[in-house]
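Biologist: Could we go through this structure together? Please begin with the parts that call for caution.

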Amino acid sequence: MSQAQSKRVTSRAHPADPCTVVIFGAAGDLTSRLVVPALYNMRRTGLLSDNFSVIGFNHGKMADNAWKKSLHTALERYVSNAGAKLDDDAWGWLSSQMSYHAGDFDDLSAFQSLATKLKDAERRRGTQGNVLFYLATPERFFGDVIEQLKNAGLVDDGGAEGRFWRRVIIEKPFGHDLASAHALNERILKVLREDQIYRIDHFLGKETVQNIMAFRFANGLFEPIWNRDRIDHVQITVAETVGVERRGSFYEQTGALRDMVPNHLFQLLAMVAMEPPTSFDAEAVRTRKAETIEAIRPIQPEDAVRGQYGPGAVNNELATSYRDEPNVAPDSVTETFVALKLSIDTWRWSGVPFYLRTGKHMGRRTTEIAIRFKSAPFAPFRGTGMDAFGPDWLVLQIQPDEGISLQFDVKRPGPRVELAPVRMDFKYADWFRAEPNVGYETLLYDCMTGDATLFQRADMVEACWRAVQPILDDWAQRTPADFPNYASGSAGPASADTLLALGGRSWRPLNSAAELNARRTAKPKVDASASAEKKAAASKTTKRAPARKSTRAAATKAAPARKAAVKKVAAKKAVAKKAAAKKAPARKVAVTKAPVKKVAAARKAAPVKKASVTVKKTTVAKRARKK
Ligand SMILES: NC(=O)C1=CN([C@@H]2O[C@H](COP(=O)(O)OP(=O)(O)OC[C@H]3O[C@@H](n4cnc5c(N)ncnc54)[C@H](OP(=O)(O)O)[C@@H]3O)[C@@H](O)[C@H]2O)C=CC1
Ligand SMILES: O=C1O[C@H](COP(=O)(O)O)[C@@H](O)[C@H](O)[C@H]1O
């Protein structure tokens, strides 16, 4: 077992190695919103060594205290948004380890004076010479900063077996196409060894994403059906309700495809589609993931659609069109939505389409991987009215409401033979106490302990870009004529529906739980057999596309219709609320969700729950004993 592997499989409770973290881009958004809050959380949970320091590197003179004050303000906002109170001891300790270093990324002398500060930290704080350089800078600086580090003699650590370590975390996006990613790899690999480079993708820091491997490879239940024999297709959705906010100038250059697909969505895809690794050693896992990404057939332009949001309403609030956002061109052709279909050329996945979509200003925030199983090969219920089965779905819900659910059909109780879709739910919140987390804690900890499992290797990032390069090339040639083509608060452009309709499929609704409940609690017709009910549902789905299209088109075009849009959403919400209130008892019967936050409760868990999720119960009990 390698050193990294042993760290991953044993308790996480021990602190990381002593070290200094140097943050390039210390006055930027990422530093204040995510990196420093993550360090604060790590201090609170005992993951930082007592021998620790942070140096913030940014241009512009600033007193240490001014820098810390701005970070403190951002941290307070984050903590209060999470409904908590700032832990003054943790912040007091962390801020006492921090100092600001003014310097420009193109000024070698600033790196030389950084070297002096690092020596000082080593002597005064006992950081043992270990340094984590965090490149929280725009992409164009990655190569320059790494070369400056080399010129200032800051990356030499005596090799992989040296007395101390020097590691570099590189933010995303890593390049903006295949050629630039390849060139950046070549450039930095002249300066650093691959084992010193940690290309970060913060989706891999999410607990639920890491759980995909545990779910697949720690349970014998699903793996035998995890292939083309039993799976019809897979849908990966990352729908955001936020727009581009203050990042207009960045986003104008980037767009939804580059921002999300060859990184976050492909990481989800790799987790779901990879072959089992022979161990949890970083190289074993990364090799399996790299093989999967390499097997993605380069995606052809006809299998991709793009969209841009127009005005509308999101979460019952007026939402502006992308072209009206700050630092966005009034005639911008940057996409804020992308959907695509891809194939993975392996024995396991041959013939199984993977559909991916992501967008901003959508109707509901959800990140999920939904696996649609094939229908039963033979229906023994023919003639009983139970010959039309609904789809079986396994849904890995990444955020929010993290969990896993299995949707299947059951017989509706009663004298008549009728089917109803139900869901078996596992929710993280029911079983585990959540540690405060911004998603970067695990990744920082892993880097500080030399575990690269959750980071991208050079070959992986290039394979990701290779898969999307045909779309990038095509989109660069053709200006979209229909932008904006989806209303803020909708499920994206109609062309995304067509992409699936071509294969006889449809996207899961963004609010699938509501739709499922509506279907289950729908009043059965007096005479209707289950099959009639299914047919009606099916025709409803096929008919819905044009209706949606016209709603979208109207909302997109009509700026004066914004108010109406808000009213409509409010009215819809009120109806949904009423319906939900009515449905409450039925829901309880079907899902039988005993909220088991405490172990005592878990032991007494209702029999139905016991039957549904027994595997995890032992884990809960074990964990509780430890606490
Ligand atoms: N923000 C986010 O939510 C996320 C960001 N990322 C990635 O993280 C990285 C950083 O993003 P973000 O924090 O948003 O970017 P910002 O632009 O907010 O931060 C960059 C920082 O670098 C400073 N800077 C710019 N040029 C120089 C220079 N020549 N010398 C010294 N300092 C300089 C800027 O200072 P000044 O402003 O004074 O010029 C600024 O403080 C990017 O690669 C981004 O893609 C990834 C995921 C999420
Ligand atoms: O990297 C990015 O990710 C966020 C979405 O991340 P999440 O953890 O909030 O789901 C996205 O909004 C942003 O545009 C992108 O740069």
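Modeller: This is a predicted model, and pLDDT stays under 50 over residues 525-566. For that stretch the model has 50 contacts beyond four places in sequence.

Biologist: Where else does pLDDT stay under 50?

Modeller: Residues 1-11 also carry a pLDDT under 50. There the model has 15 contacts beyond four places in sequence.

Biologist: And what does the chain average in pLDDT?

Modeller: The average is 83, and 78% of the residues score at least 70. The model's ipTM is 0.98 and its pTM is 0.82.

Biologist: Changing topic to strand β2: how many of its residues are buried?

Modeller: Strand β2 covers residues 52-58, and seven of its seven residues are buried.

Biologist: Which residues lie on each side of β2?

Modeller: One side carries Phe 52, Val 54, Gly 56 and Asn 58, while the other carries Ser 53, Ile 55 and Phe 57. Both faces of β2 are covered.

Biologist: Do β1 and β2 run parallel or antiparallel, and how many bridges join them?

Modeller: They run parallel, with six bridges joining β1, residues 19-24, to β2. The chain passes from β1 through helix α2, residues 29-44, to β2, and this β-α-β crossover is right-handed. Within the pairing, Gly 56 in β2 has Ile 23 standing opposite.

Biologist: What about β3; over how many bridges does that strand pair with β2?

Modeller: Strand β3, residues 98-102, pairs with β2 over five bridges, in the parallel sense. Phe 57 has His 101 of β3 as its bridge partner, and Phe 57 is also among the buried residues of β2.

Notes
Residues numbered from 1 in each chain as written. Chains lettered and ligands numbered in written order. Predicted model: local features only at pLDDT ≥ 70, side-chain atom pairs only at ≥ 80, totals over all residues. Heavy atoms only, no water. Buried < 20%, exposed > 50% of the residue type's maximum accessible area, 1.4 Å probe, protein only. Helix = DSSP H or I, 4+ residues; strand = E, 2+ residues; numbered from the N terminus. Pairing = 2+ DSSP bridges. Right-handed = clockwise from strand over helix to strand, strands pointing away. pLDDT = per-residue confidence, 0-100. Contact = heavy atoms within 4.5 Å.
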